[in-house]
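Trainee: Please pick one part of this model and go through it closely. I would like its aromatic rings and their surroundings.

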Amino acid sequence: VMVNLCNYLVEPMSSIPQMLAERKAAKTLIDKLARDTEENAGREGEPLPAGKEVDLELNHVTFGYTAGQNALKDVSLRFVPGKSYAVVGASGSGKSTLLNLLMGSYDSYSGAICCNGKELRKVNPDSLYAQMSLVGQQVFIFDDTIRRNVTMFRDFPEEQVQNAMEQAGLLPVVAAHGEAFCGENGNRLSGGERQRIAIARCLLQGAKVLLADEATAALDAETARRVAESLLALEGITRIVVTHRLEPGVMNQYDQIIVMKNGMVYEIGSFEQLMERKGQFYALYTMANG
């Protein structure tokens, strides 16, 4: 009896340190979310014209999440409308940070990020998000049909929905699953099918720039290749893809490859140009492909 009574006392006490640590972590995240929400809610600016091509340009951009530690250093790039770009480099080279800045997540950078000639800090966030979409590794799927997951429960013309799903390569998936529900967070779908839903969402909202941050990292090689080729096959959309998969059959389809190292643009060029140069990209490619 005494042992059992002690267990009732010891077990709750042993869980207290973990609970306190989780509470501290949760409070930090809640404070950050509240701060970011307040900042974004207060932002106003000029709207971007709907349906117009988006020309993105970075001029000597330097940014750090904390003072004295720059994640990006003097980055200057131009993304031509309708072209495809692969952003490659080792972990911590600034690839994801670049996409975060393009999405307007932070405005504490130095230099300038221009969207159709307008400084990004002066652009209305709602109009920016209507023109630019981000596809990440994790895609949230509602326990509903594929069509409703694509439309996000909004009303769109049927032809527009079908066109978006066709471009994203979803029609065979719809034919296979029909009107069946996708399961909790898409557990009845494969990783590639969930990524195609995310791509179709972006196309349906009329985004002119599609950013993909390691969207194929959690997929097997064959599925990743098919998703990457679906992105590259899109027309009239600027595609900026952060990837660590350096497959020759995919990489040589990009208009330009941007190689980042230590927060800086180290190399830039086509697949053939960078392979002939035998610099940083050549080293990464050789390591990735044995």
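Mentor: Start with Tyr 106, which is partly exposed at 26% relative accessibility. Buried means under 20% relative accessible area, exposed means over 50%, and partly exposed lies in between (1.4 Å probe, protein chains only). The model is predicted: local features need pLDDT of at least 70, side-chain atom pairs count only at pLDDT 80 or more, and totals for chains, interfaces and linings use all residues. Residues are numbered from 1 along each chain as its sequence is written, and side-chain values use heavy atoms, leaving out hydrogens and water.

Now the rings. The structure has 9 aromatic pairs. One of them joins Phe 63 and Tyr 65, edge-to-face, with 5.0 Å centre to centre and 80 degrees between the planes. Rings of Phe, Tyr and Trp (its six-membered ring) pair if their centres lie within 6.5 Å; planes under 30 degrees apart are stacked, over 60 edge-to-face, and the rest tilted.

Phe 63 is buried, at 2% relative accessibility. Tyr 65 is partly exposed, at 45%. Phe 63 also pairs with Tyr 106: centres 5.2 Å apart, planes at 40 degrees, so this pair is tilted. That pair links distant parts of the chain, 43 residues apart. Phe 63 sits in strand E1 (residues 56-63). Tyr 106 sits in the loop between helix H2 (95-102) and strand E4 (110-115). Helices (H or I, at least four residues) and strands (E, at least two) are DSSP runs, numbered from the N terminus.

Put together, ring pairs join Phe 63, Tyr 65 and Tyr 106 into a cluster.
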